[in-house]
Amino acid sequence: MTDFDVHGDDSDSSYVSYDEDDELREALAKGLLKPGLNVIAKDRTELVNNPAKLKSALESMILKAPWVERLDLVNELAPITPELAIQIEKHEQKRENQFKGNKKIPYVVPGQDAVLNDFKREILFHRQAQAAAVEGIKRLHDMGIVTKRPDDYFAEMAKTDEHMQRIRKVLLAKQEGIAKSERTRQLREQRRIGKLIQRQATEKRDEERRKMLDDIKKFRKGKLSNLDFLDDDEEGGKKNKKKGSTRGAAGKKQVNSKRVAKNSKFGFGGRKKGSKRNDKKSFLGDGPKRKAGGGGGGAGGNKRMGKSRRAQVKNRGK
């Protein structure tokens with residue numbers, strides 16, 4: 001016979017007594033029990049809620065100490081700073097780029113992203129700790145408790161200066177390694193995004209080429225009556241390949257002073273040899289004037305007088 005105390009108090013508790021061996025024999029006789037199986041015990045009386053004992057247990061767990069020894073605070077979150085807001089935005093953009101560049105990872109809504117939620121949760125912890133620190137320091141100052149070490153405070157170091165220098169070197173080496181790995185990660189991310197943009201541009205160009213070839217096939221088969229799409233492609237190519245047409249923010253054409261100076265000094269290129277030689281048009285007067293004493297017509301287009309005629313004109317005043 002075994003007795004079980006249900007309520008834990010001898011004064012106002014009820015006892016449930018039963019013989020486990022007799023119940024096992026009865027179950028075996030009725031065929032409810034088979035070898036190798038366990039028997040589920042009967043439902044016992046539910047435990048009665050005892051508020052007095054629960055409150056006394058809670059009182060025994062509370063630390064009876066002044067607030068300055070406990071330093072516990074219940075406060076609201078501190079307002080988010082612009083730096084944290086920018087950091088959250090960068091983190092969201094980074095996660096968005098990871099989903100775009102990797103087709104193996106299924107897209108996750110930002111509100112259901114576990115990684116993003118963990119990051120925001122850490123920001124909330126930071127803001128709550130920041131508000132608690134500000135409020136706690138204010139309460140300590142109101143109580144007249146100093147929170148800063150005085151300037152003439154002296155305490156013996158537990159570690160030697162050499163040991164602290166070694167620790168400092170180790171920490172600096174770790175920081176450099178972290179910064180190097182971060183730079184490597186950023187470069188890898190930039191290369192990945194660059195490849196993604198290049199692949200998108202290539203796919204777009206291939207799509208335009210396929211469309212143009214399909215239009216050409218349709219024209220050959222008589223489904224299209226004109227080749228206007230070729231003119232559109234050529235105009236678009238000329239616009240992309242046009243050089244020297246730089247435009248400013250207002251859309252106006254800018255003048256390249258360097259180019260103008262070089263053009264005025266060296267010319268515009270092209271053939272220079274024989275550029276001053278007369279041709280048929282210049283000889284008849286349509287071209288530039290010839291030098292004095294040379295042949296050909298002048299600006300008025302009149303032919304030059306013969307030698308005897310020139311001699312008569314010359315000797316007329318003598």
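In this predicted model, Met157, Met164, Ile167 and Leu171 make up a nonpolar patch on the surface, and their accessible area together is about 360 Å². Of these residues, leucine 171 lies in helix 6, which spans residues 161-221. Leucine 171 has a relative accessible area of 47% and is therefore partly exposed, since the exposed class begins over 50%.

Helix 6 also carries charged pairs. Side chains of opposite charge can pair when their charged atoms come close. Glutamate 182 and arginine 185 form a salt bridge, with 2.4 Å between the closest N and O atoms. The two residues are three apart in helix 6, so about one helical turn separates them. Glutamate 182 is partly exposed at 32% relative accessibility, and arginine 185 is partly exposed as well, with a relative accessible area of 28%.

The relative accessible area is 42% for arginine 209, which is partly exposed. For aspartate 206 the value is 26%, and this residue too is partly exposed.

The structure holds nine salt bridges. Another of them joins aspartate 72 to arginine 70, whose closest N and O atoms lie 2.8 Å apart. Aspartate 72 counts as partly exposed because its relative accessibility is 41%, and buried would require a value under 20%. Arginine 70, with a relative accessible area of 35%, is likewise partly exposed.

Helix 5 covers residues 114-142, a run of 29 residues. From its first C-alpha to its last, helix 5 reaches 42 Å, close to the 42 Å expected at 1.5 Å a residue. Its buried residues include Leu116, Phe119, Ile123 and Ala131, together with Gly136 and Leu140. Arg127, a residue of helix 5, is also buried. After helix 5 comes glycine 144, with a positive phi near 80°.

What remains is the aromatic side chains. The charged end of arginine 139 sits over the ring of tryptophan 67, at 4.0 Å from the ring centre. How many aromatic pairs does a search of the whole structure find? The number is zero. A pair of aromatic rings is described by the distance of the centres and the angle of the planes.

Notes: Residues numbered from 1 in each chain as written. Predicted model: local features only at pLDDT ≥ 70, side-chain atom pairs only at ≥ 80, totals over all residues. Heavy atoms only, no water. Phe/Tyr/Trp six-rings, centres within 6.5 Å; stacked < 30°, edge-to-face > 60°. Lys NZ or Arg CZ within 6 Å of the ring centre and 35° of its normal. Helix = DSSP H or I, 4+ residues; strand = E, 2+ residues; numbered from the N terminus. Expected span 1.5 Å × (residues − 1). Buried < 20%, exposed > 50% of the residue type's maximum accessible area, 1.4 Å probe, protein only. Patch = residues over 30% accessible without salt bridge, like charges linked within 9 Å, V, L, I, M, F, W, Y side chains within 5 Å. Areas by Shrake-Rupley, 256 points an atom, 1.4 Å probe, with all protein chains shown as cover. Salt bridge = Lys/Arg side-chain N within 4 Å of Asp/Glu carboxyl O.
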